[in-house]
Amino acid sequence: MRSVSILLLPLLWLGSACQSTGKIARDISWVNVNEAPDTWTAGPEGIVCTGKIQSTLRSAQVFGNYELEFECRRGPGSGDAAVILHAAELPSTGSAIPDGIRFGIGTEQEGFIPDKWNHYRIKSNSKAVQLSVNGGPATVISATEQRKGHITFSSGGVAYQVRNIRIKATSATAMEKKFRPLFNGDDLSQWEMKPGHAGHWTAGKGVIDYDGNSREKDKCLWSKKAFRDFVLVADVRLTRPPEMARTPVILPNGDNALNADGSNQEVEMLYNGDTGIYLRGESKSQVNIGNRYIGSGEIYGYRVDKRLPPEIRAGATPKIKADNPPGEWNRFVITMKGERVTVEVNGQTVIDNALLPDIPEQGPIALQDDHASDNRCQFANVYIMEIN
């Protein structure tokens, strides 16, 4: 895994009015969120963004009330560069950019002068955030829902520079970088690319794309590194056109519902393939992903293993269906501790601390395809936090 550079930018004082609080932020530490190579550099002279791919550079600290000033010069192009205030730690679902209060860097701001250094002034408090460019009229956005967060610069395919960053903050909390990327948005350097994967598992523009046609016997994409206990975040989208298909009805205890004649009950619903995420190197501990009757999140190998006690099979069965409609992005948060796993889908817990007996103590993670051809899917925002 590539190491991330965290660099300090010395900040100049904007006055002494807040010094009596003892909470003035003297430095901002910058974190390259997805560790994309050749996109961000930061140092005493300022920040340089090459605009190579869509990605973010954020403050290590979380800020609430503050005054921020900087100068910015934007290069040519129509990319979507921005400064995002009160930003979340990780990008939002299906995007390389986090939620927060966004101000564009460029001509969309009144008073911005192309190809010149422009002066930005931002004031943030518990009620609102306001920005003015080159002393022009202030743009004000309510901060009632997002009262604090990271200061983040986003790269949207355009080059720009930031210098003379100054901040006066009445509160700042240093936040350890918890999540590390398993995908930098640009290449598959952290994954085992077997010869038969070439041209089928591909990466770029913040997305891992799979066309369903790997020529390998094992079609899954495996991480180079093995993991023990962790929290894994991954956004997943099935990209095959949906069509109506029959799918079995699954009971809360993990069994198939049966008709009077003993055959499986089935319903017809939109289906566009499936995928999954293997935990600790085993297909049995697969977190299944697919918009079927049962919904995503089941630990398939444990749900269908009738040698296991009923409570274990029931625990591996989703309690609710939390999938978004076919073709939309879904965010998965998977917590693996010892022999226990919890799965959240789009913010809802579908598997709650389920017991997985005899799961290996550690192993790699896989993005799954072990089904028929044309099982197309995409992954984005793959981040992991290892737990000691």
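Colleague: Is isoleucine 365 buried or exposed?

Modeller: In this predicted model, local features need pLDDT of at least 70 and side-chain atom pairs count only at pLDDT 80 or more, while totals for chains, interfaces and linings use all residues. Residues are numbered from 1 along each chain as its sequence is written, and side-chain values use heavy atoms, with hydrogens and water left out. Buried means under 20% relative accessible area, exposed over 50% and partly exposed in between (1.4 Å probe, protein chains only). Isoleucine 365 has a relative accessible area of 1%, so this residue is buried.

Colleague: In which strand does isoleucine 365 lie?

Modeller: Strands (E, at least two residues) are DSSP runs, numbered from the N terminus. The run that holds isoleucine 365 spans residues 363-367 and is strand β29.

Colleague: What is the order of the strands in the open sheet of five?

Modeller: Two strands pair if DSSP finds at least two bridges between them. Strand β20 (residues 221-227) is joined to β29 by four bridges, and the two run antiparallel; phenylalanine 227 stands opposite glycine 363 in β29. With antiparallel pairing, the order of this open sheet is β17-β20-β29-β24-β25.

Colleague: Which are the edge strands of this sheet?

Modeller: An edge strand here pairs on one side only. The two are β17 (191-192) and β25 (282-290).

Colleague: Which residues have the most contacts inside the largest nonpolar core?

Modeller: A nonpolar core is a set of buried Ala, Val, Leu, Ile, Met, Phe, Trp, Tyr and Cys residues joined through side-chain atoms within 4.5 Å. The largest has 41 residues, and those with the most contacts inside it are Val341 and Val343.

Colleague: How many disulfides does a search of the whole structure find?

Modeller: The search covers the whole structure. The number of disulfides found is zero.

Methods. Disulfide = S-S within 2.5 Å.
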